[in-house]
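Take a look at the aromatic rings in this model. The briefing below covers how they pair, where they sit and what lies over them.

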Amino acid sequence: QGGNTLDKWYRFETTFTTTANTDFALNLYSVNLADNGYVWFTDVQVQEGTKATAWTPCSEDVNSNINDVKNSLSNFQTTVNTTFKDGIIEEAEAKAIAQHLKTLDAEKADIDKEYSAIYSNAYLTGAAKTNLSSAKSSYDSAHTSLKSTINTVIADGKVTTSESASVTSTFNTYNAQLGAYKQCVQEALDNISSAKISDIQIGGI
(Lines give C-alpha, C1' and ligand atoms only; values in the text may rest on other atoms or scores of the structure.)
Protein backbone atom coordinates (compact mmCIF):
# COMPACT_ATOMS: atom_id res chain seq x y z
CA GLN A 1 0.00 0.00 0.00
CA GLY A 2 1.41 3.40 -0.94
CA GLY A 3 2.92 5.40 1.86
CA ASN A 4 3.79 2.51 4.15
CA THR A 5 7.02 3.14 6.02
CA LEU A 6 9.60 0.84 7.58
CA ASP A 7 9.05 2.01 11.15
CA LYS A 8 6.18 -0.40 11.80
CA TRP A 9 4.74 -3.77 10.78
CA TYR A 10 1.63 -4.16 8.64
CA ARG A 11 -0.67 -7.17 8.51
CA PHE A 12 -1.97 -8.30 5.13
CA GLU A 13 -4.54 -11.00 4.36
CA THR A 14 -5.64 -12.55 1.10
CA THR A 15 -7.71 -15.56 0.05
CA PHE A 16 -7.46 -18.02 -2.80
CA THR A 17 -9.20 -21.20 -3.92
CA THR A 18 -7.51 -24.44 -4.91
CA THR A 19 -8.81 -27.62 -6.42
CA ALA A 20 -8.13 -31.11 -5.10
CA ASN A 21 -4.52 -32.30 -5.35
CA THR A 22 -3.30 -28.91 -6.53
CA ASP A 23 0.33 -27.93 -6.09
CA PHE A 24 0.92 -24.21 -5.61
CA ALA A 25 3.71 -21.82 -4.66
CA LEU A 26 3.36 -18.91 -2.27
CA ASN A 27 5.34 -15.92 -3.55
CA LEU A 28 5.81 -12.83 -1.39
CA TYR A 29 6.97 -9.62 -3.04
CA SER A 30 6.54 -5.85 -3.01
CA VAL A 31 5.61 -3.58 -5.90
CA ASN A 32 6.37 0.12 -6.38
CA LEU A 33 9.20 -0.11 -3.89
CA ALA A 34 11.30 3.04 -3.56
CA ASP A 35 14.88 2.97 -4.83
CA ASN A 36 17.15 1.12 -2.40
CA GLY A 37 14.11 0.27 -0.31
CA TYR A 38 13.62 -2.93 1.67
CA VAL A 39 10.65 -5.01 2.72
CA TRP A 40 10.52 -7.78 5.33
CA PHE A 41 7.96 -10.57 5.69
CA THR A 42 7.48 -12.41 8.97
CA ASP A 43 5.03 -14.78 10.66
CA VAL A 44 3.58 -16.09 7.40
CA GLN A 45 0.56 -18.34 7.91
CA VAL A 46 -1.53 -20.38 5.46
CA GLN A 47 -4.90 -21.33 6.87
CA GLU A 48 -7.94 -23.20 5.60
CA GLY A 49 -11.27 -21.45 5.98
CA THR A 50 -12.65 -17.93 5.63
CA LYS A 51 -11.51 -16.47 8.95
CA ALA A 52 -7.89 -15.38 9.47
CA THR A 53 -6.67 -16.05 13.00
CA ALA A 54 -3.68 -14.75 14.92
CA TRP A 55 -0.30 -16.22 13.96
CA THR A 56 0.87 -19.06 16.20
CA PRO A 57 4.34 -20.65 16.09
CA CYS A 58 4.34 -24.24 14.89
CA SER A 59 5.30 -27.13 17.17
CA GLU A 60 8.51 -27.77 15.21
CA ASP A 61 9.79 -24.22 15.79
CA VAL A 62 8.81 -24.28 19.46
CA ASN A 63 10.54 -27.62 20.04
CA SER A 64 13.60 -26.43 18.14
CA ASN A 65 13.98 -23.36 20.36
CA ILE A 66 13.47 -25.40 23.52
CA ASN A 67 16.08 -27.90 22.33
CA ASP A 68 18.47 -25.01 21.66
CA VAL A 69 18.12 -23.98 25.31
CA LYS A 70 18.54 -27.58 26.44
CA ASN A 71 21.74 -27.96 24.40
CA SER A 72 23.11 -24.65 25.66
CA LEU A 73 22.33 -25.72 29.21
CA SER A 74 24.12 -29.05 28.73
CA ASN A 75 27.24 -27.34 27.34
CA PHE A 76 27.11 -24.82 30.15
CA GLN A 77 26.91 -27.52 32.82
CA THR A 78 29.86 -29.34 31.28
CA THR A 79 31.93 -26.15 31.48
CA VAL A 80 30.86 -25.52 35.07
CA ASN A 81 31.64 -29.07 36.19
CA THR A 82 35.12 -28.87 34.66
CA THR A 83 35.73 -25.43 36.13
CA PHE A 84 34.62 -26.39 39.64
CA LYS A 85 36.83 -29.49 39.91
CA ASP A 86 39.81 -27.75 41.49
CA GLY A 87 37.72 -25.35 43.54
CA ILE A 88 39.38 -22.31 41.96
CA ILE A 89 37.81 -19.97 39.40
CA GLU A 90 40.42 -18.41 37.16
CA GLU A 91 39.68 -15.16 35.31
CA ALA A 92 39.42 -16.93 31.95
CA GLU A 93 37.05 -19.49 33.46
CA ALA A 94 34.85 -16.73 34.90
CA LYS A 95 34.68 -15.11 31.46
CA ALA A 96 33.72 -18.44 29.88
CA ILE A 97 30.91 -18.85 32.41
CA ALA A 98 29.71 -15.30 31.73
CA GLN A 99 29.59 -16.06 28.02
CA HIS A 100 27.54 -19.19 28.63
CA LEU A 101 25.07 -17.13 30.66
CA LYS A 102 24.72 -14.66 27.78
CA THR A 103 24.13 -17.50 25.34
CA LEU A 104 21.49 -19.02 27.61
CA ASP A 105 19.77 -15.64 27.90
CA ALA A 106 19.73 -15.27 24.13
CA GLU A 107 18.28 -18.75 23.59
CA LYS A 108 15.64 -18.14 26.25
CA ALA A 109 14.61 -14.89 24.53
CA ASP A 110 13.31 -16.96 21.60
CA ILE A 111 11.18 -18.99 23.99
CA ASP A 112 9.89 -15.80 25.61
CA LYS A 113 8.83 -14.38 22.25
CA GLU A 114 6.98 -17.55 21.26
CA TYR A 115 5.33 -17.76 24.67
CA SER A 116 3.89 -14.25 24.28
CA ALA A 117 2.38 -15.16 20.90
CA ILE A 118 0.91 -18.42 22.17
CA TYR A 119 -0.42 -17.10 25.48
CA SER A 120 -2.13 -14.11 23.86
CA ASN A 121 -3.85 -16.25 21.22
CA ALA A 122 -7.60 -15.84 21.53
CA TYR A 123 -8.15 -19.57 20.99
CA LEU A 124 -6.13 -20.53 24.08
CA THR A 125 -8.45 -20.83 27.06
CA GLY A 126 -9.15 -22.81 30.21
CA ALA A 127 -6.73 -25.16 31.94
CA ALA A 128 -4.30 -25.23 29.00
CA LYS A 129 -3.77 -21.47 29.32
CA THR A 130 -3.51 -21.58 33.11
CA ASN A 131 -1.05 -24.48 33.04
CA LEU A 132 1.08 -22.77 30.41
CA SER A 133 1.30 -19.60 32.49
CA SER A 134 2.24 -21.57 35.60
CA ALA A 135 4.88 -23.62 33.78
CA LYS A 136 6.40 -20.50 32.20
CA SER A 137 6.56 -18.77 35.58
CA SER A 138 8.34 -21.77 37.11
CA TYR A 139 10.75 -21.93 34.19
CA ASP A 140 11.50 -18.20 34.46
CA SER A 141 12.21 -18.64 38.17
CA ALA A 142 14.55 -21.56 37.46
CA HIS A 143 16.42 -19.47 34.90
CA THR A 144 16.81 -16.56 37.32
CA SER A 145 17.84 -18.90 40.14
CA LEU A 146 20.54 -20.57 38.03
CA LYS A 147 22.08 -17.25 37.05
CA SER A 148 21.95 -15.89 40.59
CA THR A 149 23.36 -19.05 42.17
CA ILE A 150 26.29 -19.34 39.77
CA ASN A 151 27.20 -15.65 39.97
CA THR A 152 27.12 -15.79 43.76
CA VAL A 153 29.23 -18.94 43.91
CA ILE A 154 32.00 -17.70 41.62
CA ALA A 155 32.09 -14.15 43.01
CA ASP A 156 35.01 -14.86 45.39
CA GLY A 157 36.93 -17.02 42.91
CA LYS A 158 36.52 -20.15 45.02
CA VAL A 159 34.02 -23.01 45.04
CA THR A 160 33.27 -25.22 48.05
CA THR A 161 31.78 -28.69 47.87
CA SER A 162 28.44 -27.45 49.16
CA GLU A 163 28.41 -24.60 46.65
CA SER A 164 29.13 -27.02 43.82
CA ALA A 165 26.26 -29.22 44.97
CA SER A 166 23.98 -26.18 45.08
CA VAL A 167 24.82 -25.30 41.48
CA THR A 168 24.21 -28.89 40.38
CA SER A 169 20.81 -28.74 42.05
CA THR A 170 19.87 -25.56 40.20
CA PHE A 171 20.87 -27.15 36.89
CA ASN A 172 18.65 -30.14 37.67
CA THR A 173 15.76 -27.86 38.56
CA TYR A 174 16.25 -25.89 35.37
CA ASN A 175 16.12 -29.06 33.27
CA ALA A 176 12.98 -30.25 35.06
CA GLN A 177 11.16 -26.93 34.64
CA LEU A 178 12.16 -26.68 30.99
CA GLY A 179 10.74 -30.16 30.41
CA ALA A 180 7.51 -29.24 32.19
CA TYR A 181 7.21 -26.07 30.11
CA LYS A 182 7.76 -28.04 26.90
CA GLN A 183 4.86 -30.34 27.79
CA CYS A 184 2.53 -27.47 28.67
CA VAL A 185 3.34 -25.45 25.55
CA GLN A 186 2.56 -28.47 23.39
CA GLU A 187 -0.76 -28.89 25.19
CA ALA A 188 -1.45 -25.19 24.56
CA LEU A 189 -0.73 -25.53 20.84
CA ASP A 190 -3.00 -28.58 20.67
CA ASN A 191 -5.71 -26.61 22.45
CA ILE A 192 -5.41 -23.74 19.97
CA SER A 193 -5.49 -26.11 17.01
CA SER A 194 -8.61 -27.89 18.29
CA ALA A 195 -10.37 -24.60 18.97
CA LYS A 196 -9.60 -23.35 15.45
CA ILE A 197 -11.01 -26.52 13.91
CA SER A 198 -14.17 -26.23 16.00
CA ASP A 199 -14.57 -22.60 14.93
CA ILE A 200 -14.23 -23.54 11.26
CA GLN A 201 -16.80 -26.30 11.63
CA ILE A 202 -19.25 -23.95 13.30
CA GLY A 203 -18.65 -21.00 10.99
CA GLY A 204 -18.31 -23.04 7.79
CA ILE A 205 -15.57 -23.03 5.17
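Which residues form one aromatic cluster? The cluster is made of Y115, Y119, Y139, Y174 and Y181. This is a predicted model: local features need pLDDT of at least 70, side-chain atom pairs count only at pLDDT 80 or more, and totals for chains, interfaces and linings use all residues. Residues are numbered from 1 along each chain as its sequence is written, and side-chain values use heavy atoms, leaving out hydrogens and water.

**Ring pairs**
- Rings of Phe, Tyr and Trp (its six-membered ring) pair if their centres lie within 6.5 Å; planes under 30 degrees apart are stacked, over 60 edge-to-face, and the rest tilted.
- The count by this rule is 5 aromatic pairs.
- Y115 and Y119 are stacked, at 5.5 Å centre to centre and 20° between the planes.
- Y139 and Y174 are edge-to-face, at 5.4 Å and 85°.

**Place in the helices**
- Helices are DSSP runs (H or I, at least four residues), numbered from the N terminus.
- Y115 and Y119 both lie in helix α2 (residues 91-119), 4 residues apart, about one turn.
- Y139 is in helix α3 (residues 126-154) and Y174 in helix α4 (residues 161-203), so their pair ties together parts 35 residues apart in sequence.

**Burial**
- Buried means under 20% relative accessible area, exposed over 50%, and partly exposed in between (1.4 Å probe, protein chains only).
- Y115 is buried at 13%, while Y119 is partly exposed at 29%.
- Y139 is buried at 0%, and Y174 is buried at 0%.

**Charges over rings**
- A charge sits over a ring if NZ of Lys or CZ of Arg is within 6 Å of the ring centre and within 35 degrees of the ring normal.
- The charged end of K129 sits over the ring of Y119, 4.7 Å from its centre.
- The charged end of K136 sits over the ring of Y115, 5.0 Å from its centre.

Notes:
Helices (H or I, at least four residues) and strands (E, at least two) are DSSP runs, numbered from the N terminus.
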